[in-house]
Amino acid sequence: MKSKKNLFAVSLLSASIGLASMPAMANQSKLTIVTSFPQDLTQVFEDAFEKANPDIDLEVLKKKTSSGIKYIKETASKNQTDLFWASAPDAFEVLKDSSLLQQYEVKASSIPEKIGSFPIHDPEGFYKGFAAAGYGIMWNTRYLKAKKLPAPTGWDDLKKPTYFGHVGMSAPSRSGTTHLTVETILQAEGWDNGWAMLKQMSGNFKSVTERSFGVPDGVNSGNFGLGIVIDFFGLSSQGAGFPVEFIYPQGTALVPANIGIISNAPNRAGAERFIDFLLSDQGQELLLDPKIRRLPVNPEIYAKAPQGFPNPFKDDALKSALHFDLNLSKNRYNLVNSMFDVMITYRMDDLRAATGAIHEAETALAEKPDAEAQALLEQAKALVAKLPISEAEANDPDFAAVFTQKRKKASDNVNGRQAEVEAQWDSFVVANYQQAQSLAEKALSML
Amino acid sequence: MASTTGTRKGTLRLDFSSIQWGPTSAAAAIGIFLLFVLVLPVAKVIFVAFQDPSSGAFTLNNFVDFFNASLFRESFVNSFYVSAMSVVFATMIALPLAYFTTRFNFAGSTLIQTLGMIPLIMPPFVGAVAMQLFFGDNGSINLMLDEHFGFTIPFMQGLNGVILVQSVHFFPFILINLSASLQNIDRSMEEAALNLGSSGMRLFRRIVLPLGMPGYIAGASLVFLKVFDDLGTPLLLNVNNMLAPQAYLRISSVGISDPVGYVISVILVLFSLFSMWVSFLAMKGKDYSTVQKGGGGLLKRDLNTLEKTGCYLVIGLILIFVLAPHLALFLLSISTVWSFSPLPDGYTLEHYSTVFTNAHTFITNTLLYAGLAGLIDVVLGTAIAYIVWRTGIWGRKALDFIAMGALAIPGVVLGIGYLRMFYDIEMPFSDVPLATWWGIMVIALAVRRLPYALRACVAALQQVALSLEEAAESLGASKFTTVRRIVVPLMMGGILAGFVTSFATAAVELSATIMLVAKEDDAPLAYGIYVFMQSAAGRGPGAALGIIAVLIVGAGTYLSHLIIERTKRAHGLKK
């Protein structure tokens with residue numbers, strides 16, 4: 001079929017474009033990887049792996065993490081994919097829960113059990129960590145200079161009025177890595193305070209981007225000044241020459257990026273060889289490539305890293321990374337995404353208006369203190385922070401089930417419909433934001 | 001509607017003589033094709049909208065939830081507003097271009113028509129990135145304004161940004177259909193009006209505008225519907241409060257088996273069919289065809305120097321504006337680093353060499369897929385247009401509606417539907433599942449573009465007088481001969497317009513194909529651009545690949561314009 005197609009294409013085109021090469025591949029086995037990683041990363045590994053294993057033809061298929069999971073699920077009946085290769089451990093948990101991964105024991109021995117407080121490999125052996133990823137803030141130095149903004153030092157800074165309208169982040173429902181950032185903040189600060197902080201930060205957003213890459217792209221081009229990103233986005237943008245900086249704030253989570261073998265993989269032997277390659281010294285060293293810039297999980301590799309390269313096994317900011325509770329995160333995965341979308345993504349305008357009014361009143365109050373206005377302002381802030389459900393409700397598996405309802409058996413029963421719940425939350429937060437805005441405006445008018 | 005002019009004698013007493021066997025079997029074949037590649041896959045997905053997620057039983061609760069949510073009502077209003085405003089702005093851009101190039105004699109009409117098509121040839125995600133570079137809050141224009149005058153213009157904020165990008169992106173639909181229509185007007189109409197003393201605005205209002213109406217409505221309704229269900233632009237501008245993004249965000253998120261995304265899809269489909277029906281009604285009962293086919297097109301007038309200058313000025317301004325994203329993309333493709341500055345820091349050709357060394361399969365694949373898809377579309381489009389407007393076959397309007405319904409199917413929905421339908425079926429003579437065979441991508445592209453071709457063909461057919469066919473048939477020509485020798489040649493302008501639109505837009509489609517790509521060797525260009533554009537160092541190569549796409553499809557467009565001109569001239573000579 002293929003040769004027929006190529007013939008057709010070539011005859012269509014032979015005048016304008018060089019002949020498509022059609023290498024005849026004898027005695028080669030095909031290995032198919034579905035990945036969310038960019039070309040810059042995969043090409044380096046593809047070239048090196050094929051050179052080391054000339055008998056394997058590596059086929060890299062790029063899909064967004066969420067599309068990749070959908071694709072593997074939809075094609076499971078006659079699986080053609082050998083490996084899934086992506087950042088978010090949650091995504092692998094989803095595949096594992098659907099029995100779409102198979103166990104494998106790695107051969108590499110120089111990789112420690114844990115990074116920070118996180119096990120590098122899945123304890124049950126269904127997927128392996130190959131690189132560490134932390135979350136942080138990147139910013140465009142030209143932008144900050146032109147707008148006379150200070151460089152941020154931690155998450156708390158992003159709540160400040162100075163950054164109003166200058167920050168970007170992706171939505172956790174769209175990006176596995178952003179989900180981890182949100183969950184990290186919720187786990188580090190606690191449910192109520194965590195959400196309050198997220199909303200204060202989000203009130204300063206210029207946009208909530210649809211792709212996770214939209215954030216580094218926005219910062220690189222200067223469309224907005226600061227972005228909340230996974231480390232390698234910041235580091236590789238720097239590597240590509242953009243005028244950007246990146247920091248890990250206190251309270252970041254360090255989480256491994258992973259790879260796993262799909263159930264019924266057509267080329268299981270090849271898949272194992274690729275994982276072993278990825279975890280070998282050579283594979284780990286490739287992660288330091290300026291276009292990739294990921295943190296290897298083998299501590300010995302850092303000896304070869306460039307000056308100033310973060311080392312999660314040594315650096316204090318990263319060593320103190322909190323214990324990330326993967327189970328907690330998994331159980332409320334969709335619920336947290338949905339809350340973020342209802343309260344922040346879809347109500348950005350309302351939230352921004354309320355936050356703007358609060359910033360203004362606060363600035364005015366700092367110059368001219370007034371107890372009554374101060375009280376109104378506190379009320380306004382509390383209204384913005386108010387949540388439609390408590391932590392206990394959110395962690396209640398019965399309630400969270402509304403967001404994952406997948407009837408497996410006819411006897412399975414699920415209460416409530418997601419859209420119905422979301423509509424209630426929506427009217428709740430919109431009313432609160434509007435009231436908060438008018439209270440803040442009232443406070444300002446009293447000064 | 002056509003009178004039944006069948007000449008066969010019925011063997012039974014029942015009046016079978018009125019059944020037109022040729023068109024009927026064609027209609028049946030097309031119906032079966034659409035059933036398998038459009039209706040069933042989509043029905044498989046849409047079924048979910050009527051399913052109670054907790055019990056699996058039939059329910060309308062999901063629709064109740066939709067209408068109870070203020071977010072969705074708001075999204076609906078926003079989608080409607082943005083679509084309507086985009087039609088208005090797109091008309092303002094397209095009307096002068098179409099009118100000037102068909103009405104007056106001046107150099108470069110074909111070039112202008114081609115340049116006017118180019119905005120369509122840009123994957124939406126690239127379009128928004130490029131527009132941000134020039135028109136964004138910190139884009140070149142605003143940075144310069146801020147530096148020299150201390151103010152900025154929020155071109156790209158909120159719904160207005162979407163309207164701006166959409167009108168620039170989709171106005172060619174109006175341009176190409178309106179131009180085809182204007183070129184098909186019999187100039188004797190205009191001569192008659194001139195003889196009777198009409199001229200200027202009155203001539204335009206009473207003769208040109210009404211006769212060009214089928215093309216305009218065809219184009220405008222496409223713009224409306226495309227904007228209504230377009231995902232890429234609102235998503236890239238991070239505007240979520242519209243229907244299509246809401247549907248997409250819900251359907252594609254991991255693990256959310258929430259049926260509301262599917263409900264929104266159903267509503268998108270219904271609304272699109274409804275607005276098609278409205279435009280159908282608007283056209284009904286009016287006859288736009290002219291019996292004679294003169295030299296073709298409006299009377300072309302020569303312009304004096306002053307008029308010519310004015311004309312070029314207007315056209316130039318419009319072209320600069322609509323081609324700005326391409327200029328930005330070009331700059332990006334040759335720049336080293338471009339960050340928060342009016343122009344890039346430096347220039348390089350490296351990105352092009354990167355692309356040529358590892359992306360040529362993307363290009364060949366795209367030409368093949370989009371070419372085949374365009375071909376399938378015009379064949380089906382011509383057939384359906386003929387069946388709907390020229391025969392009395394039962395269910396013909398349903399055929400039209402189903403084909404148009406493809407417009408409203410989000411690409412992701414179609415992609416998932418195909419995987420569900422065709423994955424377990426094996427491709428003959430191989431061990432590849434049918435769903436991952438490259439031909440399925442061609443079908444997905446063809447189905448999604450069929451409405452464009454169909455509207456163009458319908459508009460063209462509406463300008464062919466029925467009496468021409470009747471004359472042919474009364475002279476003994478069979479139905480098939482009539483269609484082949486009379487109808488299709490007279491429709492050629494519209495058919496080519498349909499091919500160009502289908503080809504050009506299929507060449508940059510991503511949403512359906514990204515679900516279906518099973519190996520990189522089979523991937524089309526848009527996928528390649530997408531892959532490049534996902535990394536910091538890939539912005540340049542991605543832009544370079546985008547420029548190559550624009551050049552190739554632009555060349556294709558120019559070529560087909562030349563063919564149109566040539567056929568026109570050939571027909572003129574034969575007379």
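Which residue is the bridge partner of A:V167 in β10(A)? I looked this up first. The partner is A:L226. I note here that the model is predicted.

**Entry: strand β10 of chain A**

I stayed with β10(A), which covers residues 226-230. I asked how many of its five residues are buried. The count is five of five, so I wrote the strand down as mostly covered, with buried meaning under 20% relative accessible area.

Next I looked up the strands that pair with β10(A). Strand β8 of chain A, residues 167-170, is joined to β10(A) by two bridges. These two strands run parallel. The pair A:V167 and A:L226 belongs here.

Strand β7 of chain A, residues 128-140, is joined to β10(A) as well, by five bridges. This pair runs antiparallel. I picked out one residue of it: A:G136 has A:V229 as its bridge partner in β10(A).

**Entry: strand β1 of chain A**

I moved to β1(A), residues 29-35. Five of its seven residues are buried, and I noted the strand as mostly covered. How many bridges pair β1(A) with β2(A)? I found seven, in the parallel sense. Strand β2 of chain A spans residues 56-62. I checked one position and found A:T35 opposite A:K62 in β2(A).

**Entry: A:S438**

I then picked a single residue, A:S438. It sits in helix α19 of chain A, residues 418-445. Is A:S438 buried, exposed or partly exposed? Its relative accessibility is 39%. Buried needs under 20% and exposed needs over 50%, so A:S438 counts as partly exposed.

I also looked up how far A:S438 is from A:V215. The two are 223 residues apart along the chain. Their C-alpha atoms are separated by 32 Å.

**Entry: two helices of chain B**

I turned to chain B and looked at helix α15, residues 360-390, and helix α20, residues 479-506. They pack at an angle of about 140°, with their axes 8 Å apart.

I listed some residues where the helices meet. On the α15(B) side they include B:L367, B:G371, B:G374 and B:Y386. On the α20(B) side they include B:V483, B:M491, B:G498 and B:F503.

**Entry: helix α6 of chain B**

I looked up buried residues in α6(B), residues 140-149. Among them are B:S140, B:N142, B:L143 and B:L145. Just after α6(B) comes B:G150, and I noted its positive phi of about 75°.

I finished with totals for each chain. Chain A has 447 residues, and 60% of them are buried. I counted up its secondary structure as 19 helices and 13 strands. Of its contacts with a separation of 6 or more, 74% are between residues 24 or more positions apart.

Chain B has 575 residues, and 61% of them are buried. Its secondary structure has 23 helices and two strands. Its accessible surface comes to about 21900 Å², and 68% of that belongs to carbon and sulfur atoms. For chain B contacts between residues at least 6 apart in sequence, I found that 77% join residues at least 24 apart.

Conventions:
Residues numbered from 1 in each chain as written. Chains lettered and ligands numbered in written order. Predicted model: local features only at pLDDT ≥ 70, side-chain atom pairs only at ≥ 80, totals over all residues. Heavy atoms only, no water. Helix = DSSP H or I, 4+ residues; strand = E, 2+ residues; numbered from the N terminus. Buried < 20%, exposed > 50% of the residue type's maximum accessible area, 1.4 Å probe, protein only. Contact = heavy atoms within 4.5 Å. Pairing = 2+ DSSP bridges. Axes fitted to C-alpha atoms, helices over the stretch in contact; angles between N-to-C directions. Areas by Shrake-Rupley, 256 points an atom, 1.4 Å probe, with all protein chains shown as cover.
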